[in-house]
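Hi everyone, thanks for coming.

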Amino acid sequence: MHIEVLVEDSSGEKLLAQLLPQILGEQGVAHTWRLKSYKGIGRIPRGLTAKADPAKRILLDQLPRLLQGYGKTPGIDAVVVVVDTDRRDCKAFLRELKSLAASCKPAPRTLFRLAIEEMEAWYLGDRVALQNAFPHAKRDVLDRYVQDSVCGTWELLADAIHAGGAAAIKKAGWPLPGQLKHEWAEKIGPLMSLDHNASPSFGKFRDGLSRLIS
């Protein structure tokens, strides 16, 4: 089986590059996949007609065009789209995404997986990996996190592991937030356990991929 995996940013791509072999097996043995990152999530265009510039690489803006293209491309067995919900209603958002896929003629086999509120929730779901990567993480901050809640997830993680917390990162401005999200993926990702993660959205990601290849 060959799977195209789309994710909204490069730090998410870095994390998924470490997780996918654990779920799908070694690249090229039973399955192959290609990871593609974009430069933001954007929004599903009205009428499902992409009018945005493809060169800007905004995922949802281009998703109708992408899925239509994949549906017509031989050798692509499935498409997996991984995005943050941010502050969207997750059930309504998932319905909208599925409706988009269903409108494609022909439609590729498509699996949508949502990180709630942000992919940093998956790091917070594996406290062992997080604390091994960042031994000085502030436990009082981690303890007040309600798993997969809409609370400013990356900011809470930053408050736990970065000197000066999210306020210092925001004061420094771009590109520091992006650099740190890459660092978190590099340090926490390799230590994460597939089977011991308190994040329900991580579990749905893992189990959905496992079912896809079963």
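By pocket I mean this: on a 1 Å grid over the protein atoms alone, an open set of points where a 1.4 Å probe fits, with protein on both sides within 12 Å along at least five of seven lines; lining residues have an atom within 4 Å of a point. Points are joined across faces, edges and corners, and a volume is the space filled by probe spheres set on them.

A word on the source: this is a predicted model, where local features need pLDDT of at least 70 and side-chain atom pairs count only at pLDDT 80 or more, while totals for chains, interfaces and linings use all residues. Residues are numbered from 1 along each chain as its sequence is written, and side-chain values use heavy atoms, leaving out hydrogens and water.

The second largest pocket has a volume of about 210 Å³. Around it you'll find Asp9, Ser10, Ser11, Trp154, Trp174, Pro177, Gly178, Lys181 and His182. Which helix gives the largest share of that lining? That's H9, with four residues.

The largest pocket comes to about 290 Å³. Its lining has 14 residues, with Leu94, Phe112, Arg113, Leu114 and Lys204 nearest the centre.

Now the packing. A nonpolar core is a set of buried (under 20% relative accessible area, 1.4 Å probe, protein chains only) Ala, Val, Leu, Ile, Met, Phe, Trp, Tyr and Cys residues joined through side-chain atoms within 4.5 Å. The largest one here has 47 residues, and Leu16, Leu20 and Trp122 are among those with the most contacts (heavy atoms within 4.5 Å) inside it. Apart from it lies another core of 21 residues, including Leu66 and Val83.

Key
Buried means under 20% relative accessible area, exposed over 50%, partly exposed in between (1.4 Å probe, protein chains only). Helices (H or I, at least four residues) and strands (E, at least two) are DSSP runs, numbered from the N terminus.
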